[in-house]
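Please work through each task before reading its solution.

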Amino acid sequence: MPEQYEKEDLRHRQGFHLRTYEMDQFGYLSPTGLIRLLQEAAMQHVLRLKISAVELGKRGLGWALIQQQTDIFRWPDLREEVEILTYPCGYNRAFTYRDFLCYDASGELIAQSRTTWLLMDIVARKMAAYPEDILALLEASKANEHLPRADRRFPMAEGEVMFPDFVPGWYDLDFNGHVSNAVLVKAMLEGLPKDLLATHQLRQLNIKFQEEAHLGEALSRSVAALEAGKWALHLKRGDTSLVRAYSEWDPKA
């Protein structure tokens, strides 16, 4: 392992006291609230490592999330505090990987997430080669154990139900100048039947980000039932597929 990266440098713990605006109407952490907490934990880690969008943007680089598969074992409520452990865990020529483990105050694992990232040239909007400093960090990250990689298979959906287009606004943009991932996920989930959202809780969400979405574009959204408690979601710009997702839902206790 390169000397400049001790084991604890590559693992980051972030505590959160859950806030009202992260809750759903039933008082539990919402799916987009969870995604934002995971993103915040990762951001605080890369800020500490000095490879965040803030530093990389000065070098014409940025991180783009390609896929995120999240499993939820229990949804925390407003009264709770959670701790997220996150760490990079390997790479290949095209992608880097980062895992997240979310614990409640008693130390119980209540959610986990595995993510796949691309280092992007933010001017040319294409994949960039790893600079030497980032390559050294990624080499060191191989020592971290990791969850199984995100499932790259997405069920084919038939009989999609369309619902009104979504047009991103200025405050939907992130550091890379495109629509943030959490905003896209929220836009897709809102197309699911309201009786499903009222009576079920999300158990798994697997998302594949295929293309960027930009300010002011009309994005078409659709959902399709696969089988009991399983739904496919799709977001497009014209005929171009932007985001695909697969979700599993359990009845509320």
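A crossing is left-handed if the near helix is turned anticlockwise from the far one by less than a right angle, and right-handed if clockwise. The model is predicted, so local features need pLDDT of at least 70 and side-chain atom pairs pLDDT 80 or more, while totals for chains, interfaces and linings use all residues. Residues are numbered from 1 along each chain as its sequence is written, and side-chain values use heavy atoms, without hydrogens and water.

**Exercise 1.** Describe how helix 1 and helix 4 cross.

Step 1. The axes of helix 1 (residues 31-49) and helix 4 (residues 181-189) come within 10 Å and cross at roughly 165 degrees.

Step 2. Angles over 145 degrees count as roughly antiparallel; helix 1 and helix 4 are therefore roughly antiparallel.

Step 3. The crossing of helix 1 with helix 4 is right-handed.

Step 4. Contact (heavy atoms within 4.5 Å) involves residues including I35 and R36 of helix 1 and V185 and K186 of helix 4.

**Exercise 2.** Characterise the salt bridge between E248 and R203.

Step 1. A salt bridge places a side-chain nitrogen of Lys or Arg within 4 Å of a carboxyl oxygen of Asp or Glu; for E248 and R203 the N to O value is 2.5 Å.

Step 2. E248 belongs to strand 11 and R203 to strand 8, so the pair ties together parts 45 residues apart in sequence.

Step 3. Buried means under 20% relative accessible area, exposed over 50%, and partly exposed in between (1.4 Å probe, protein chains only). E248, at 13%, is buried, whereas R203, at 29%, is partly exposed.

Key:
Axes are lines fitted to C-alpha atoms, for helices over the stretch in contact, and angles run from 0 to 180 degrees between N-to-C directions. Helices (H or I, at least four residues) and strands (E, at least two) are DSSP runs, numbered from the N terminus. Angles under 35 degrees count as roughly parallel, over 145 as roughly antiparallel, 65 to 115 as roughly perpendicular and the rest as oblique.
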